[in-house]
Amino acid sequence: MNSESHCLVSRRGLLQAGAGLLLASAPAPFPARSAPSDGYRIVAAPARARLRPDKPETDVWTYNGTVPGSVLRLHQGERARLVVENRLDQETTVHWHGIRLLNAMDGVPGLTQPPIKSGETFVYEFTPPDAGTFWYHPHANSLEQLGRGLAGAVIVEDREPVAVDRDLLWLLSDWRLTDGGGIASRFGNRMEAAMSGRVGNTVTLNGRASAAEPFRAGERVRLRLVNASLARIMALRFEGHRPMVVAIDGQPCDPHEPEHGRILLGPAMRVDLVLDLEGEPERRYDVIDDFYDGLSYRLTQIAYDERPVRGHSLDGPVVLTRNPLPEPDLTSPERHTLTLQGGMMGMGGMSGMRGMMGSGMMGGGGGMMGMDHGAAWAINGRAMTGDGHAGMEPALTFKQGRSVVLELRNETAWWHPMHFHGHSLKVLSRNGRAVPHRQWQDTVLMAPKDVVEAAFVADNPGDWMLHCHVMDHQMSGMMTVLRVA
């Protein structure tokens, strides 16, 4: 058995708890709510939420009292001011995932800002240069804080709205619940950390297990998908429909149907779809997640009303306006390789890790919050654990304005969604084959043994995290810092 097959078998054993997802007979999902347009105050605090109809309410951690937190609607090119108040009993920060902002606003404790202590506030101010779908979440004790519910969407409005009937958000979260409806404790299991991370047994859509979502025949819908899970990778199929991908990680791409009809969505990734509703009135069509071998389940159903909007779908594709991303010069770029190492079935790659103990690479400045795993992963032989801390030495330094090509090599037997803060990467090739559709991503999903080439212009000065967004993997070593000088 090769390592990839071994990986699938082990993953399947690890994820058996997820096979019994109960997603039937749920009420309509709790709508994600927008905060007032005259400014935002975001309060991180405990609350209770009913995630599944057959379970009691769950003690969760929330932004503004709901899971997911308030939808933040910002405007491209206009300054935003967001006041975050911490009512948790531990430190926190907020990372504005995918937004190209000033380094001081990036939300990494120690590296870009002091952590927000319990009872204190922090003001984030930035001007989003790009329209699109982004999200926000903690970057302190990330594994537990995100796993208990702290996540929300950021929609940066297009200057010219696209021609659709509705603009919808599906923020998808994965929870590990006990029989009594509580969140299972013991975040940071050492075995899970070295494998696929903490995958749960309940998936919610906008904070509730969803039986069905209402639509009408003839509608054209922009559907913004956000995967806010700790570790669960999703591959969504819309039965009876042909969704068109129009943006990835907030960045417009050439409209295209997903490969094999499956929308691959790693943790932290976003995909915007245009969905023409051409089904029959009063019928239901399944939306299936079948990423994990033998563990497919129904996420929800597209439920048609008896009244069509129109007799036929709209003509012509939806093409989003491109964002002002600097185009890398590929004639003579800097070239660097970042190699992902470690994990179960790949621990041999850890033997070359250097300088872990006593060098500031281990421990993450207290970010582990009592968790029981140390380093299981590395990038180029170095493991940085936790969430971030002062004095993290960069693996690479770039001169501002330089074009850079990064070769990402996954030498492990596991999947890794690799997130680069403060920048978007133009994905050039995967395993030697050119990537079509002009795809820019801030979170690149790496399959086992993948080799991906991606380019960017180092135009945003500061020390920027690059890490796996399977949070167990980040916390146990798959993290580094890239400096734009």
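Ala, Val, Leu, Ile, Met, Phe, Trp, Tyr, Cys and Pro are counted here as nonpolar, Asp, Glu, Lys and Arg as charged, and the others, Gly among them, as polar. The legends below describe close-up views of a predicted model.

**View 1. Lining of the largest pocket.** The largest pocket has a volume of about 1,100 Å³. Its lining comprises 32 residues, and the closest to the pocket centre are Glu 259, Arg 262, Leu 264, Arg 430 and Gln 439. By class, the lining residues of this pocket are 19 nonpolar, six polar and seven charged. At least two lining residues come from each of α1 (3-14), β14 (244-248), β16 (263-265), β26 (425-430), β27 (433-434) and β29 (443-446). The element that gives the most to the pocket lining is α1, with three residues.

**View 2. An open sheet of six strands.** The strand order is β10-β9-β12-β17-β14-β15, with mixed pairing. At the edges are β10 (202-205) and β15 (251-256), each of which pairs on one side only. On average, and with direction ignored, neighbouring strands of this sheet are turned by 25° against each other. Strands of a sheet pair through backbone hydrogen bonds, in either a parallel or an antiparallel manner. β14 and β15 run antiparallel and are joined by three bridges. Within this pair, Ala 247 has Pro 252 of β15 as its bridge partner. β14 is also among the elements that supply at least two residues to the lining of the largest pocket.

**View 3. The largest cavity.** The model has six cavities of 30 Å³ or more. The largest cavity holds about 110 Å³ of space. Its lining is made of 15 residues, and those nearest the cavity centre are Leu 146, Gly 149, Ser 173, Trp 175 and Ala 228. Nine of the lining residues of this cavity are nonpolar, five polar and one charged. Both α2 (142-147) and β9 (166-175) supply at least two residues of the lining. The most comes from β9, with four residues; β9 is also a member of the six-strand open sheet.

View 4. Thr 133 belongs to strand β7 (residues 132-137). The relative accessible area of Thr 133 is 0%, so this residue counts as buried, the cut-off being under 20%. The side chain of Thr 133 makes a polar contact of 2.9 Å with the side chain of Asp 272.

View 5. Most peptide bonds are trans. The bond from Val 67 to Pro 68 is cis, with omega near -10°. Pro 68 is placed in the loop between β2 (58-63) and β3 (72-75).

**View 6. Two loop residues with positive phi.** Most residues other than glycine have a negative phi. Arg 186 is not a glycine, yet its phi is positive, at about 60°. The loop that holds Arg 186 runs between β9 and α3 (190-193). Arg 186 counts as exposed because its relative accessibility is 52%, and the cut-off for exposed is over 50%. Asn 380, likewise not a glycine, has a positive phi of about 50°. Asn 380 sits in the loop between β21 (377-379) and β22 (384-385). With a relative accessible area of 27%, Asn 380 is partly exposed.

Conventions:
Residues numbered from 1 in each chain as written. Predicted model: local features only at pLDDT ≥ 70, side-chain atom pairs only at ≥ 80, totals over all residues. Heavy atoms only, no water. 1 Å grid on protein atoms, 1.4 Å probe; cavity = no way out; pocket = protein on both sides within 12 Å on 5 of 7 lines; lining within 4 Å. Points joined across faces, edges and corners; volume = space filled by probe spheres on them. Pairing = 2+ DSSP bridges. Axes fitted to C-alpha atoms, helices over the stretch in contact; angles between N-to-C directions. Buried < 20%, exposed > 50% of the residue type's maximum accessible area, 1.4 Å probe, protein only. Polar contact = N/O pair within 3.5 Å; in protein donor to acceptor, adjacent residues only side chain to side chain.
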